[in-house]
Amino acid sequence: MEKITNIEQLDLLKNSLRKARESGRQVVRVCLGPGCRAQGADKVAAAFRNAVRQQGLPVKVEPLIKETGCHGFCKEGPLVTLEPSGLFYSRVKPDDVEEIVEKTIKNNEVISRLLYSENGTVYKSAQEIPFYKMQKKIASRNVGDIDPLSIEDAIANGAYQAVAKAFASMTPEQVIKDVEVSGLRGRGGAGFPTGRKWRSAADAVKKHPGPVYVVCNGDEGDPGAFMDCVVMEGDPHSVIEGMIIAAYALGARQGFIYVREEYPFAIKNLTIAMEQARSAGLLGANIMGTGFEFDIRINRGAGAYVCGESTALFQSIEGKPGEPRAKYIRSVERGLWDRPTVLNNVETLANIPVIIENGGEWFSKIGPPNSTGTKAFSLVGKVKNVGLVEVPMGVPLSTIVEDIGGGIPGKKSFKAVQTGGPSGGCIPYKLKDVSVDFDSLTKIGSIMGSGGMIVMDDRDCVVDVARYFLRFLEEESCGKCLPCRLGLEAMLEFLDNFAQGKGSLEDIEELKSLAKAVQDGALCALGGSAPNPMLTTLEYFRDEYEAHIIEKRCPAGVCKDLITFHIDSEACTGCGLCASNCPQACITGEDKKPHEISQNACTRCGTCMDLCKFSAITVS
Amino acid sequence: MKEINTKKLINFSINGTAAQAKEGWTVLDTARNMGIYIPTLCHHEAVEPIGACRLCVVEARQGNWSKVVVSCMYPPFEGVEIFTDSERVKNVRRWVLEMLLAQCPASREIKALAAEYGLKSTRFKIKNPEEQCILCGLCVRVCAEVVGVQAISLGSRGVLKHVSTPYMVPNKACIACGSCVSVCPTGAMQTRLDKVRGDISQRTGHGFAH
């Protein structure tokens, strides 16, 4: 691509690319997000290319095969959408591709077998599906639409227009002002106002002239969270553009994107996008001929969860062990190499171009006053529609879980939702109508966090959940400060005892006191927020803790030391499903006659209970 | 002890007593200057503070705001009220010490400090009855910052963290100066020194070459 040497040229390029798009050429979008890829979407995409090539279609009719980022509806993957018909095909296998090319692409026939249906309704296009209907996409606006490896595609969709606008008509001060007006708060977890962060850093640079850095935090590590991954993979240019705008506002010349090594496709797509932007004159020296210089480097994280914490992340970029430091002097004043640094999350930066283009005022009207804009969530766990959703702030939690997520699969009931990952809290069913925004979630003991949402049903034991998150953090603790290194291990000792039916009610109070000491004493937010899952489950499900301790019973049937599985001989139809799936092969019985579990060999994994269609497995 | 520059003083209070700090002083610096006792383990004047042991925590209050901070690093600001022995502070110290009794049961210093907070035993699992090290990293810091050789470092992370030489073999960079042993708050370095320096009699040439 030719280098863009002035701002008007970008506009011309965008218009000509758009025109080319409107030629009526068919477009096949194959989702290559993490979920679809795991289900074989790359083979589907390859099959499309093969089929099209074999058909030898004339250039004008030949469809454009786009391998895009995540479409969101991971549960129904691999997903394929077709333009201009707008058709939405779900669960597409490589074997289906020939039929799609033959019937849909060549003859405009709809293959009803591949359409998505829900409660008897068949949906032809994505927009009609309830999962998509209630969403509003800002940060992930281009994800799933564009080919992330093509800068032309991104530019045709409006990428780099905000940078052009900022360069042409705004001073750095005006950019900061606009971000302040937007009310945008950091999407990484703490929810610090982005505008204020930029302002403090700009002030710090004025006080101590010299280098200033813009750093993008892509070290997303919460279990079950993949929003940032999806944005970096599916629309890397939005992150790069957000960083250029931040750099312009602060006068930075060097930026860093810290991505965890476990996201190889994010690293690949970002690297390619940056190379393309550089050769297009949109990154590096003399951006768009304005004389402004800014470049970005990717730093790959080795997978330490704690490196998502700002000061540990800086240490890691500097080549030191990723350990946090006390933040009595904030990183906007003393961050990377002790210089003023702005660290923003991937999703925060992806929001910036839209704010600059449409104005902060426009953005501030979405969502409640103190939590403006939208938020992307990865909806996982015991929910029907597992996937990635983006909704306006302030929607009730139940809308996300029940309406968009489709509720709990099977006959189980909705028990709780863990928001904010291991640092967040467990929100019980009775609070399901809580408004999903920064302040409301904090009020009930949880946090917004980076946007992981883990749904639990009545087969999830809260003691076990608290143990799981605590063990995760114990493994990920850097070990620098004692309340975290020793405290998490000690809290686990308490919880391990509870899970075995040991301990006493006084222990619950002692555990709370220890949790307070860890919250107060820990150096960084990893330790400081580690007790949250335990404290919230204790607050909302105290009866379950007491059942473990006093009655030596695990109501959800999870804690292995406290349960035995039995088969109700009256309900059992002898279908044999449990017996053929039992990993221990300890279920026996004649065909069509009640089966039995041999307690000696049973490891209490619960597979039988989860599989039984007749609720014949009981736990005691 | 650092000299007080009377020109630029920050006025605040410690336990209700008026306190004055020079710019750049921490709460701990000021408290020690006033003769107020705050327990510390990972702090040493020869090296930069890192705030790891959290025994020196104090509570900072102003109006309705209150926060537990580490005094070895916290810069006091005008008007802040510092409490060195509030309930929240004692709660942190008491739990840290009880957990330390399980982590390094062989340390006399830890036992004595724990006794000050009424702790004689621990409820937590003891992994190694011989252990004395609290992993404060003073040895590592003095080696790097004062001696300037970086013969030892903290390896691994979290519960697996340990003081060691690279690849856990004796390190020729060690000049056997013993600074690590002298700063160690529990005496744990004494037993580790030979693993760091190796057999010195076998060294040749300039011996302690870096």
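Predicted model: local features only at pLDDT ≥ 70, side-chain atom pairs only at ≥ 80, totals over all residues.
User: What is the phi of A:Tyr160, and is the residue buried or exposed?

Analyst: Buried means under 20% relative accessible area, exposed over 50%, and partly exposed in between (1.4 Å probe, protein chains only). A:Tyr160 is not a glycine, yet its phi is positive, about 70°. With a relative accessible area of 0%, A:Tyr160 is buried.

User: Which loop holds A:Arg91, and what is its phi?

Analyst: A:Arg91 is in the loop between E4 and helix H4 (97–107) of chain A. Its phi is positive at about 45°, although A:Arg91 is not a glycine. A:Arg91 counts as partly exposed, at 41% relative accessibility.

User: Where is the peptide bond to A:Pro78 placed, and what is its omega?

Analyst: The bond from A:Gly77 to A:Pro78 is cis, with omega near -10°. A:Pro78 belongs to the loop between strand E2 (64–68) and strand E3 (80–83) of chain A. A cis bond also joins A:Glu83 and A:Pro84, with omega about 0°. A:Pro84 is in the loop between E3 and strand E4 (88–89) of chain A.

User: How is the size of an interface given?

Analyst: It is often given as the accessible area lost when the parts come together. Here buried area is that loss (1.4 Å probe), summed over both parts. Between chain B and chain A it is about 2700 Å², with carbon and sulfur atoms giving 57%. Taking contact as heavy atoms within 4.5 Å, 30 residues of chain B touch 30 residues of chain A.

User: How many salt bridges cross the interface?

Analyst: A salt bridge is a side-chain nitrogen of Lys or Arg within 4 Å of a carboxyl oxygen of Asp or Glu. The rule finds 5 between chain B and chain A. One of them joins B:Arg88 and A:Asp520 (2.8 Å, N to O).

User: Which element of chain B gives the most to the side that touches chain A?

Analyst: H2(B) does, with 9 residues.

Conventions
Residues numbered from 1 in each chain as written. Chains lettered and ligands numbered in written order. Heavy atoms only, no water. Buried area = accessible area lost by both parts, 1.4 Å probe. Helix = DSSP H or I, 4+ residues; strand = E, 2+ residues; numbered from the N terminus.
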